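Thanks for asking me to look this one over. My comments follow as numbered points, to be read with the structure open beside them.

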Amino acid sequence: MAPQFMFLIEALRKTFLYPELEWDFRLPLVKSINVSGHKYGLVYAGIGWVIWRNKEDLPEELIFHINYLGADQPTFTLNFSKGSSQVIAQYYQLIRLGFEGYRNIMENCRENMIVLREGLEKTGRFKIVSKDEGVPLVAFSLKDNHCHDEFEISDLLRRYGWIVPAYTMPADAQHVTVLRVVIREDFSHTLAERLVNDIQKVLHELDRLPSKLSSNSTIETQEVENNEKSTVTTKKSALETQGNHHHLEEVCYGQEEDNRCLLEKRNKKLTGVRNGVFY
């Protein structure tokens, strides 16, 4: 049985980048449209909204009924202590920018995405994983990550002020690691070129460093050598201890022999005195 409803995420982006695409209530199976306003709605974090085709399309079990204001009030969200600043900001942006304003911003984001993608491709070191259609972002991975990986690039980019996340793919593709850059309104053409330049600097730095494999091998070799030295030292100490023990036994035995000889001479001398014989 075909699904009777679906949510379309980030509808603002779809509308302004692909106005010829029919994705909204013109399609009979579309029952609701969900928008993350704090993303490409150009409002600070904390706003998202949804529109249903008809009241009957919203399941009753998803609605909360509250009466703390003196009358029954159905609500679908967690309002209570949350302010309305994001709602006001979203309303202001929709009126201020309008359809053409949002479309120009999204087209500009897409152009800057292409600048970044082409710059990364020119380095010859990366494989572009993301597609040109959809959200304006660039996901890329190293063609050769045997010496250094994407996590090292992400760490070094922080020195230049960039926070570019590196992460592995979900199950059955966890062997693939990508870096991802999301292009927003304030990510300009100049910033795209600067990011490419900084990534090239990071690559040059990594090329001068020993690979992670050789570093691990060096560490393992040092650990083996240290363990061998420790074993030799332990054996030497044991032999020295054993030798000292034998030496002490010989010394003690020699002292006992000397004492016994002296005692025999003394007894012999006393016996001679008693018998009138002097030694």
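1. D172 is an exposed residue, with a relative accessible area of 76%. The model is predicted, and in it D172 has a phi near 75°, a positive value in a residue other than glycine. You will find D172 in the loop that joins strand 7 (166–168) to strand 8 (177–182).

2. Is L42 buried or exposed? L42 counts as buried, because its relative accessibility is 15% and the cut-off for buried is under 20%. L42 sits in the loop between strand 1 (32–35) and strand 2 (49–52).

3. A word on confidence before going further. The average pLDDT of the chain is 77, and 66% of the residues reach at least 70. Over residues 272–279 pLDDT stays under 50, and for this stretch the model has four contacts beyond four places in sequence. Please keep that in mind when looking at residues 272–279.

4. Now the overall layout. The chain has five helices and eight strands. Read from the N terminus, the order of elements is α-β-β-β-β-α-β-β-α-β-β-α-α. The chain has 279 residues, of which 28% count as buried. Taking contacts between residues at least 6 apart in sequence, 56% of them join residues at least 24 apart.

5. How do helix 2 and helix 4 run relative to each other? The axes of helix 2 (residues 85–123) and helix 4 (residues 189–208) come within 9 Å and cross at roughly 20°. Helix 2 is therefore roughly parallel to helix 4, since angles under 35 degrees count as such. The crossing of helix 2 past helix 4 is right-handed.

6. Helix 2 contributes N112, V115, L116, G119, L120 and T123, while helix 4 contributes H189, A192, E193, L195, V196, I199 and Q200. By class, the contact of helix 2 with helix 4 holds seven nonpolar, five polar and one charged residue.

7. Helix 4 also packs against helix 3 (residues 150–157), at an angle of about 115° and with the axes 10 Å apart. The crossing here is right-handed. On the helix 3 side the residues are E152, I153, L156 and L157; on the helix 4 side they are D198, I199, V202, L203, E205 and L206. Which classes make up this contact? The contact of helix 3 with helix 4 has seven nonpolar, no polar and three charged residues. I199 is worth a click, as I199 is listed in the contact with helix 2 and also in the contact with helix 3.

8. Back to helix 2, where Q86 has its place. Q86 is buried, because its relative accessible area is 14% and buried means under 20%. Once neighbours within four places in sequence are set aside, Q86 is in contact with V43, Y44, A45, G46 and I47.

9. R53 lies in the loop between strand 2 and strand 3 (64–66) and counts as partly exposed, at 28% relative accessibility. Which residues does R53 touch, not counting those up to four places away in sequence? They are F25, L27, P28, V30 and K31. The C-alpha atoms of R53 and S32 are separated by 5.9 Å, although the two residues are 21 apart along the chain.

10. Last, R184, in the loop between strand 8 and helix 4. At 36% relative accessibility, R184 is partly exposed. R184 touches H38, K39, Y40 and C109, leaving out residues up to four places away in sequence. R184 and N108 are 76 residues apart in sequence, and their C-alpha atoms are 9.1 Å apart in space.

Technical notes:
Residues numbered from 1 in each chain as written. Predicted model: local features only at pLDDT ≥ 70, side-chain atom pairs only at ≥ 80, totals over all residues. Heavy atoms only, no water. pLDDT = per-residue confidence, 0-100. Contact = heavy atoms within 4.5 Å. Axes fitted to C-alpha atoms, helices over the stretch in contact; angles between N-to-C directions. Helix = DSSP H or I, 4+ residues; strand = E, 2+ residues; numbered from the N terminus. Parallel < 35°, antiparallel > 145°, perpendicular 65-115°, else oblique. Left-handed = near helix turned anticlockwise from the far one by under 90°. Nonpolar A, V, L, I, M, F, W, Y, C, P; charged D, E, K, R; others polar. Buried < 20%, exposed > 50% of the residue type's maximum accessible area, 1.4 Å probe, protein only.
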